[in-house]
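Reader: I am new to this structure. Please show me how to read its features.

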Amino acid sequence: MVNMEQTSVQKSIVEIFTDGACSGNPGPGGWGVILRAESGEEKEFAGGEINTTNNRMELIAAIKGLEALEKPVFVKLYTASQYLQNGMKLWLSKWKSNAWKTAGKEDVKNIDLWQKLDVLAADYEIEWHWVKGHAGHPENERADVLARNAILQIMMSQEINPQN
């Protein structure tokens with residue numbers, strides 16, 4: 001957990017930079033997160049799954065970032081995923097009012113992760129920011145490296161233990 005202190009008047013600001021990646025879609029996937037407190041303190045972490053999609057990794061990165069916070073803080077979350085950005089800013093309230101169905105009456109994909117993210121996000125005031133991926137944004141590039149390294153670790157562990 002990153003320790004974020006609250007002032008008497010205003011919540012501390014925490015920046016979260018996330019990225020997800022997949023080698024094949026579906027295929028081995030990874031996610032990366034960077035947390036930055038107002039003090040400049042940073043924490044990086046990553047993980048992944050053997051058989052997943054890029055969209056799932058993007059959602060998990062945001063979930064893991066929010067799970068690492070201590071309340072109360074104001075969050076600025078940066079993502080290169082329009083799926084995550086649009087889901088949180090445009091689609092989520094509609095999905096919930098339509099019993100987790102899309103406008104086309106289809107089940108929402110990745111509903112398990114959207115529901116978890118919805119619960120976590122309710123605990124914070126969050127500004128959602130979209131950044132263009134692979135365009136030189138320093139923290140997005142770092143989060144991408146974390147996600148891709150997680151994929152490599154998963155792939156190497158499968159070579160060592162192919163029964164997983």
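This is a predicted model: local features need pLDDT of at least 70, side-chain atom pairs count only at pLDDT 80 or more; totals for chains, interfaces and linings use all residues.

Reader: In what sense do β1 and β2 pair?

Author: Strands of a sheet pair through backbone hydrogen bonds, either parallel or antiparallel. Two strands pair if DSSP finds at least two bridges between them. Strands (E, at least two residues) and helices (H or I, at least four) are DSSP runs, numbered from the N terminus. Here β1 and β2 pair in the antiparallel sense over 9 bridges. β2 also pairs with β3 (residues 42–52), antiparallel, over 9 bridges. Gly29 stands opposite Glu49 in β3. The β2–β3 hairpin has 4 residues between the strands, and Gly40 takes a positive phi near 100°.

Reader: What is the order of the strands in the open sheet?

Author: The order is β3-β2-β1-β4-β5, 5 strands with mixed pairing. The edge strands, β3 and β5, each pair on one side only.

**Helices**

Reader: At what angle do α2 and α3 pack?

Author: Axes are lines fitted to C-alpha atoms, for helices over the stretch in contact, and angles run from 0 to 180 degrees between N-to-C directions. α2 and α3 pack at about 90°, with axes 11 Å apart. That makes α2 roughly perpendicular to α3 (65 to 115 degrees; under 35 is roughly parallel, over 145 roughly antiparallel, the rest oblique). In contact (heavy atoms within 4.5 Å), residues including Leu84 and Trp95 of α2 meet Trp114, Leu117, Asp118 and Ala121 of α3.

Reader: Is Gln85 buried or exposed?

Author: Buried means under 20% relative accessible area, exposed over 50%, partly exposed in between (1.4 Å probe, protein chains only). Gln85, in helix α2, is buried, at 10%. Gln85 touches Thr79, Trp128, His129 and Trp130, not counting residues up to four places away in sequence.

**Core**

Reader: Which residues touch the most other members of the largest nonpolar core?

Author: A nonpolar core is a set of buried Ala, Val, Leu, Ile, Met, Phe, Trp, Tyr and Cys residues joined through side-chain atoms within 4.5 Å. Of 33 residues in the largest one, Ile16, Leu66, Leu69, Val75, Leu84, Trp114 and Leu117 touch the most other members. α1 gives the most to this core, with 7 residues.

Key. Residues are numbered from 1 along each chain as its sequence is written. Side-chain values use heavy atoms; hydrogens and water are left out.
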